[in-house]
Every structure is written in structure tokens, then in C-alpha cells.
Amino acid sequence: MARAFASQGDLTRKTISFSEIGRDLWAFTAEGDPNSGVIIGDDSVMVVEAQATPRLAELVIERVREVTDKPITHLVLTHYHAVRVLGASAYGAGQVIMSDVARAMVAERGREDWDSEFQRFPRLFEGHESIPGLTWPTTTFSDSMTVYLGNRRVDLMHLGRAHTAGDIVVWVPDEQVMFTGDIVEFRSACYCGDGHFADWDGTLDAVDSWRPLAVAPGRGGALVGRDQVEAAVESTRDFLRSTYLPAERVAARGGALKDAWDAVRAECDPKFSDYAIYEHCLPFNVSRAYDEARGIDTPRIWTAARDLEMWAALQG
């Protein structure tokens, strides 16, 4: 029986967890679905990652209201992907912040990404009819910026290309807690379809150089304590290398995309097949690794049509 494409067959609602990972710092996680973060300041709240639709964003807002009645004034989006940003309107935040590169990617490929992701993972777009359109930031920055929520300092930083070219992290220095977006995952496959394998490893080094005591990753459970943080960074690194190196070897000998698929599966299946969204990510990861190994630096834009063409090529 043929596999369902991406996550079209994943219809099971996930159990939500909302855990405090530092003083007034919370991680909203859902068994491998996209995570969000909550930073409570003296008089206001910052949310990290919007979710895919306003309806799903309301699940985050409900949890925020369980712990504070302060207004949500800032929404930070670590990158441009639809499942992270299209729920933004629900928060009513006066400031919506991205890197300037992420904003440029919304302009370049945001509509195509929305159509592509909707086809890949329909469950994550529950209430999609309430999305008012593409999410645009009110504020962007190049390398770093600081936001003060009263006296609480929050640093936003672009540490390097990784999951996308415009990834940022959110650092709360008073508790040494970091919200990494999809740069770091925990027992979830990395989605590398728009990634930069050659840079991602160094970006992981940059994340760990801050010595965070807790991390809210892009997917998977919250990481509390240096041991958990370091283990997640290293497992993410292993996932990336195990994906890229077999594809690189195939590309070097002139092999086809299907050969790269077989080689990556042989390396990754024994180690990662039980990770969340593993089967979903694998074809996109192999395609991007194969492209990068052949010298294509800027990830090609995924469209709904390209998705299905790639999937058909890998089934032969």
C-alpha cells in the first residue's frame, strides 16, 4: 500500500502541554506539532510563534490567560513558514517582529509556502477560513534587536542560516532561556526543505555558546537543564549530518534523487524513524540535501505542484 503524501493521513489531535521553563517563561508544546513560547514581562506579554491559523492560536491564548491577564503586545516569528505565522491576527499584538530576511521570504515565497503546507498537513490548518492573508511584520531587524517588557530584557538574534535563511532565536538573559524555533528539535525530525545544511551546524554551535539553561525547541518537548539542552543540540546535529552526507555522496558520483532517497533512508531510518513527522519531512529533506550537494545555495521554492512531482519521482 502506498504511503500517504507528507502528513495528509495524520488526523489525530495532539495532547497540549504548557510548562514553565523559567520564571514567567512558558513553552506550549503538542507532541511534535509546532511549538509556541510565552514571555511574561512586568506589564505585557510576548508570544513566540503564532501557530497556523487564528483558531489554533486561540489554544495558545487560552493557556496564556491561565497564567496572566497582561496584554499580549509583541508577537515574534522566528521564520516565515505558514504553520508558524498565519495565526498572527488572533493575538492583536501591536508589534509583530521578524528578521528582515524572513520578511523578504514572505514576499518571495509566502503564498507558495501557504498553498504547499496546506496540502501537506491539512490538520494543522484547522479553521483556515479565518486566516486574513499573509502575515507581515510591523518591525524587522538584521542581526539583533532588544525589546524591553518593562524591566525584562528580551534579545532577538539572527545567529546564522539553518532551518531557513532568516531564522532568529529569542533569548531571555535573566533566566538564561532560549526559544530557538526550528533550529533545534527534540525527538522530532528537522524539516530541511528550505534549509542550509552547510551553515546549520555552525548555527547550532552559536545557540549552544549562550549556555542556555532551558530551551523551547521548534517541535518536541521543552528542554530544561544543560544536559537536556546539549542532548537535543547534538541529536539535531546528528539528524542533519545523517541526512546530508549520504545525499552528498550520491550527488558526487552523479546519482539520481531516488538514489539519494535510498541512501538517506538507509542511514536515517534505524535512528530516527520513530521521531515525530519523520516520514513527512524525509522527501523534502532529501531533495534539499541533494540540491545543496549539487551547488544550489538558495533553496528552490516549494509549490503544491512541485511537492507532488517530487513525491512521484521518489515512488519509482
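These legends describe close-up views of one predicted model.

The model is predicted: local features need pLDDT of at least 70, side-chain atom pairs count only at pLDDT 80 or more, and totals for chains, interfaces and linings use all residues. Residues are numbered from 1 along each chain as its sequence is written, and side-chain values use heavy atoms, without hydrogens or water.

View 1. Helices (H or I, at least four residues) and strands (E, at least two) are DSSP runs, numbered from the N terminus. The C-alpha atoms fill a box of roughly 60 × 40 × 35 Å along the principal axes. For 316 residues, a compact globule would have a radius of gyration near 20 Å; the chain has 18 Å, which agrees. That radius is taken over C-alpha atoms, and the globule rule is 2.2 Å times the number of residues to the power 0.38.

**View 2. Seven strands form an open sheet in the order 1-2-3-4-5-6-7.** Pairing is mixed; two strands pair if DSSP finds at least two bridges between them. Strand 1 (17-22) and strand 7 (139-141) are the edges, each pairing on one side only. Neighbouring strands are turned by 20° on average, direction ignored. Strand 1 and strand 2 (residues 25-30) run antiparallel, joined by five bridges. Here glycine 22 faces leucine 25 of strand 2.

**View 3. Two helices lie across strands of the chain.** Helix 1 (residues 54-67) lies across strands 1, 2, 3 (33-40), 4 (45-48) and 5 (72-76), at about 145° to strand 2. Helix 3 (residues 100-120) lies across strand 6 (95-99) and strand 7, at about 95° to strand 6. Axes are lines fitted to C-alpha atoms, for helices over the stretch in contact (heavy atoms within 4.5 Å). Angles run from 0 to 180 degrees between N-to-C directions.

**View 4. Strand 8 and strand 9 form a hairpin.** Six bridges join strand 8 (residues 144-149) to strand 9 (residues 152-157), and the two run antiparallel. Threonine 146 has aspartate 155 as its bridge partner in strand 9. Two residues sit between the strands, and glycine 150 takes a positive phi near 70°.

**View 5. Helix 6 (residues 257-272) meets helix 7 (residues 278-293).** The axes come within 10 Å and cross at roughly 135°. That makes helix 6 oblique to helix 7 (under 35 degrees is roughly parallel, over 145 roughly antiparallel, 65 to 115 roughly perpendicular, the rest oblique). Contacting residues include Trp261 and Phe272 in helix 6, and Leu282 and Tyr290 in helix 7.
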